[in-house]
Amino acid sequence: MHFVDAKGILTGKNGLQGMNIYRGCTHGCIYCDSRSKCYQFTHPFEDIEVKQNAPELLEKALKSKRKKCMIGTGAMSDPYMHCEKDLQLTRKCLEIILQYGFGAALQTKSDLILRDIDLLSKINKSAKCVVQITLTTYDDELCSILEPNVCNTKRRIEVLEIMQERGIPTVVWLTPILPFINDTKENIISILNECVRTGVKGIIDFGMGLTLREGDREYYYDALDKHFPGMKERYIRQYGNAYELPSPNSRELRALFQDICKKNGILSTPDECFRYMSDLPDKYTQMSLFDL
């Protein structure tokens with residue numbers, strides 16, 4: 001990893017402001033979109049760029065905000081990579097979010113987030129905290145191939161359980177679903193049943209498939225050659241050089257997904273989930289005369 005002093009930390013408008021404390025990732029997920037050349041990395045993806053002044057930038061930004069909002073992290077780079085264990089920049093940023101009364105929405109695949117459950121609970125009590133966990137593959141052997149350097153699905157489900165016990169709302173990212181690999185009814189039903197059991201608030205799905213761009217595509221195809229011989233050629237025959245690669249089973253899987261979510265009152269569209277995560281309600285409404 002290498003250290004930089006960033007010029008700014010927050011992006012976005014209104015309800016949800018995003019930040020990336022790190023750039024790059026060491027999880028090694030074979031499908032990672034963040035590897036795409038369009039993001040203009042000037043360093044190897046596994047050489048993590050550490051924004052060492054992130055806490056100072058965040059405090060300066062939050063001090064100047066008139067209106068409280070949700071602060072999100074994890075969209076481009078997991079805030080709980082291995083280096084976070086020692087650097088603790090994510091934890092320092094959470095302390096600042098708590099201090100200034102803002103909400104937090106964190107996206108991760110790592111159980112290292114449990115280290116900060118004390119802060120997450122306090123933020124959720126004083127404002128709002130949403131923990132987002134990615135679940136793609138119920139089978140842990142397959143998970144170790146697709147997402148090799150991070151905790152397995154069963155452990156992530158335990159994280160969901162612990163968040164539920166603490167009253168911290170959760171959202172699951174059921175994406176990407178890889179054609180001919182994890183796009184089965186058995187896989188989707190197994191994951192959804194755990195989402196129901198652990199009381200997740202919403203599930204984000206972008207159509208039961210994946211996207212591939214320059215940079216990301218080459219890495220993915222190399223992984224297919226290594227772990228799934230002949231699969232790359234099947235992809236090329238099926239999809240050519242397309243950006244969107246929907247599963248051939250996408251219609252059936254989407255119907256299954258929508259049915260289970262509807263029956264269990266789970267938010268099931270990206271818009272619904274993002275709207276929920278962006279909303280920071282007033283915790284303490286002014287008492288009405290009728291309450292006296």
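Which residues have the most contacts inside the largest nonpolar core? I opened my notebook with that, keeping in mind that this is a predicted model.

**Entry 1: the cores**

I looked up the largest nonpolar core and found 62 residues in it. Leu58, Ile97 and Ile203 have the most contacts inside this core.

I then checked Ile203 by itself. Leaving out residues up to four places away in sequence, I found that Ile203 touches Val172, Leu174, Leu192, Cys195 and Phe257, among others. The list also includes Cys261, Ile266 and Cys273.

**Entry 2: the six-stranded sheet**

I traced an open sheet of six strands in the order β2-β5-β6-β7-β8-β9. The pairing is parallel. β2 (16-19) and β9 (202-204) stand at the edges. Each has a single partner strand, so one side of each has no neighbour in the sheet. From one strand to the next, the twist averages 20°.

β2 pairs with β5 (residues 70-73) in the parallel sense, over four bridges. Gly18 stands opposite Gly72 in β5.

A helix crosses here too. α11 (residues 270-278) lies across β2, β5, β7 (129-134), β8 (170-173) and β9. It runs at about 125° to β9.

**Entry 3: Gln132**

What does the side chain of Gln132 join through a polar contact? I found the side chain of Trp173, at 2.9 Å.

I also listed contacts of Gln132 beyond four places in sequence; they include Ala105, Thr108, Val171 and Met277. Pro169 is 37 residues from Gln132 along the chain, yet their C-alpha atoms are separated by 8.7 Å.

**Entry 4: the three-stranded sheet**

Another open sheet has three strands, in the order β1-β4-β3, with mixed pairing. β1 (2-4) and β3 (22-23) are at the edges, each with a single partner, so one side of each lacks a neighbour in the sheet. β3 and β4 (residues 49-51) run antiparallel and are joined by two bridges. Tyr22 stands opposite Val50 in β4.

Methods:
Residues are numbered from 1 along each chain as its sequence is written. This is a predicted model: local features need pLDDT of at least 70, side-chain atom pairs count only at pLDDT 80 or more; totals for chains, interfaces and linings use all residues. Side-chain values use heavy atoms; hydrogens and water are left out. Two strands pair if DSSP finds at least two bridges between them. Axes are lines fitted to C-alpha atoms, for helices over the stretch in contact, and angles run from 0 to 180 degrees between N-to-C directions. Contact means heavy atoms within 4.5 Å. A polar contact is a pair of N or O atoms within 3.5 Å; within protein, one must be able to donate a hydrogen and the other to accept it, and residues adjacent in sequence count only if both atoms are side-chain atoms. A nonpolar core is a set of buried Ala, Val, Leu, Ile, Met, Phe, Trp, Tyr and Cys residues joined through side-chain atoms within 4.5 Å. Buried means under 20% relative accessible area, exposed over 50%, partly exposed in between (1.4 Å probe, protein chains only).
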